[in-house]
Amino acid sequence: MIIFSDSKDLTPQGLSPLFEQAQWSRGRSLDDLSSMLTHSDLVISAWENTRLIGFGRVLTDYVFRASIWDVIIAEQYQGQDIGTQLMRQILDHPSLKNVELFWLCTRDKQAFYATLGFSDQEQTGMVWDRSKHST
């Protein structure tokens, strides 16, 4: 049975193996993961017994906007509706009930997020990359 939690008492050491499974999150340091957890407004984790199998986080003002980041499901659990359930935990979370717009970035999961009602028609985003502006 899969259990979802909004507790922020995850450890970087517990989260790191999950992040090492995906190219986009591989190589994150434990210090950076710790800071990420501390400064996220909401985290949702998915567990099978004591094993962390899914994660997603939110940055928000709780009224106008929320951005969803780092949604990941362990490889062997993908395709079992856990990602959909995790996203529903985020979108339906009581602390986010007044948020008007949810934003997320993805490079390869557009079809999945479209099934949840996300649209790629709102192409208003821009990115500033620190690594391209460092001296």
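**View A. Confidence from one element to another.** Among the elements of the chain, strand 2 (residues 42-48) has the highest mean pLDDT, 98, while helix 4 (residues 110-115) has the lowest, 90. Welcome to a predicted model, then, in which the chain as a whole has a mean pLDDT of 92 and 99% of its residues reach 70 or more.

**View B. The buried side of helix 1.** Look here at helix 1, which spans residues 12-19. Its buried residues are Pro12, Leu15, Ser16, Leu18 and Phe19. They sit on the same side of helix 1, because the arc they cover around the axis is only 165°. Their packing partners are helix 2 (30-39), strand 3 (51-60) and strand 4 (65-73).

View C. Ser25 counts as buried because its relative accessibility is 1%, and the cut-off for buried is under 20%. Leaving aside residues up to four places away in sequence, Ser25 touches Phe19 and Ile72. With Phe19 there is also a polar pair to look for: a polar atom of the Ser25 side chain lies 2.6 Å from the backbone oxygen of Phe19.

**View D. Strand 4 beside strand 5.** These two strands run parallel and are joined by 4 bridges; strand 5 covers residues 101-104.

Notes: Residues are numbered from 1 along each chain as its sequence is written. This is a predicted model: local features need pLDDT of at least 70, side-chain atom pairs count only at pLDDT 80 or more; totals for chains, interfaces and linings use all residues. Side-chain values use heavy atoms; hydrogens and water are left out. Buried means under 20% relative accessible area, exposed over 50%, partly exposed in between (1.4 Å probe, protein chains only). The arc is that of the directions from the helix axis to the C-beta atoms. Contact means heavy atoms within 4.5 Å. Two strands pair if DSSP finds at least two bridges between them. pLDDT is the predictor's confidence in each residue, from 0 to 100. A polar contact is a pair of N or O atoms within 3.5 Å; within protein, one must be able to donate a hydrogen and the other to accept it, and residues adjacent in sequence count only if both atoms are side-chain atoms.
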